[in-house]
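Subject: Structure handover

Hello,

Here is the structure I promised to pass on. Please open it first, then read my notes below with the view beside you.

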Amino acid sequence: MTRLTSVPIPQDTGNFRLLDRRVVDVLVSMPEHHRFIRGLSVWVGFRQVSVPYEREERFAGVTKYPLRKMLTLSFDAITSFSYLHI
C-alpha cells in the first residue's frame, strides 16, 4: 500500500480503535459503501496515537475471516486509496 497511495496507512494496525465523536461524525458522513477504516481514519486528517501491545498467538479455534473476505478487503483498500487505475 505504501507504494500505491499518498495516504500513510500504518502497518500492523487493526480495525479496532477508539474514536472521538468528531472523527465518527466525519466518517459517517462519507458516501463510501465499502469503508476501508484503516485508510479512512488516516485520510480524514485527525491526530492519531497508537497503543502498542504484544499480540499473543490465538489461544483456541481458527479465524472466522475466510480468504474470500480477506481478498475483498484487499481489493477495497487498493481501489479506494491507490494511484492505480483499473
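Predicted model: local features only at pLDDT ≥ 70, side-chain atom pairs only at ≥ 80, totals over all residues.

The protein has 3 helices and 0 strands. The chain has 86 residues, and 19% of them count as buried.

Helix H1 covers residues 21-29. Helix H2 runs over 37-43, and helix H3 over 67-81.

**The largest pocket**

Look at the pocket next. How much space lies in the largest pocket? About 1,200 Å³. It is lined by 30 residues, and the closest to its centre are Thr13, Gly14, Phe16, Arg17 and Val51. Helices H1 and H2 each supply at least two residues of this lining. H2 gives the most, with 3 residues.

What is the lining made of, in nonpolar, polar and charged residues? It divides into 14 nonpolar, 8 polar and 8 charged.

Val51 deserves a click. It sits in the loop between H2 and H3. Is Val51 buried or exposed? Val51 counts as exposed, because its relative accessibility is 69% and the cut-off for exposed is over 50%. Now find Thr13, another of the residues closest to the pocket centre. Val51 and Thr13 are 38 residues apart along the chain, yet their C-alpha atoms are separated by 10.0 Å.

**Another pair to compare**

Leu19 is found in the segment before H1. Its relative accessibility is 34%, so Leu19 counts as partly exposed. Pair Leu19 with Gln48 on your screen. They are 29 residues apart along the chain, and their C-alpha atoms are separated by 9.3 Å.

**Salt bridges**

How many salt bridges are there? The count comes to 2.

One joins the side chains of Asp20 and Arg22, at 3.5 Å from N to O. Asp20 counts as partly exposed, at 43% relative accessibility. Arg22 counts as exposed, at 56%.

Another links Asp25 and Arg21, with the closest N and O atoms 3.4 Å apart. Where do these two residues sit? Both are in helix H1. They are 4 residues apart there, so about one helical turn separates them. Asp25 is partly exposed, with a relative accessible area of 41%. Arg21 is exposed, with a relative accessible area of 56%.

Which residues make the nonpolar patch? Tyr65, Leu67, Met70 and Leu71 make it, and the patch is about 410 Å². Tyr65 is in the loop between helix H2 and helix H3.

**Where to click**

- Val51 and Thr13, for the 10.0 Å between their C-alpha atoms.
- Tyr65, for its place in the nonpolar surface patch.

Best wishes

Note on methods
Residues numbered from 1 in each chain as written. Heavy atoms only, no water. Patch = residues over 30% accessible without salt bridge, like charges linked within 9 Å, V, L, I, M, F, W, Y side chains within 5 Å. Areas by Shrake-Rupley, 256 points an atom, 1.4 Å probe, with all protein chains shown as cover. Salt bridge = Lys/Arg side-chain N within 4 Å of Asp/Glu carboxyl O. 1 Å grid on protein atoms, 1.4 Å probe; cavity = no way out; pocket = protein on both sides within 12 Å on 5 of 7 lines; lining within 4 Å. Points joined across faces, edges and corners; volume = space filled by probe spheres on them. Nonpolar A, V, L, I, M, F, W, Y, C, P; charged D, E, K, R; others polar. Buried < 20%, exposed > 50% of the residue type's maximum accessible area, 1.4 Å probe, protein only.
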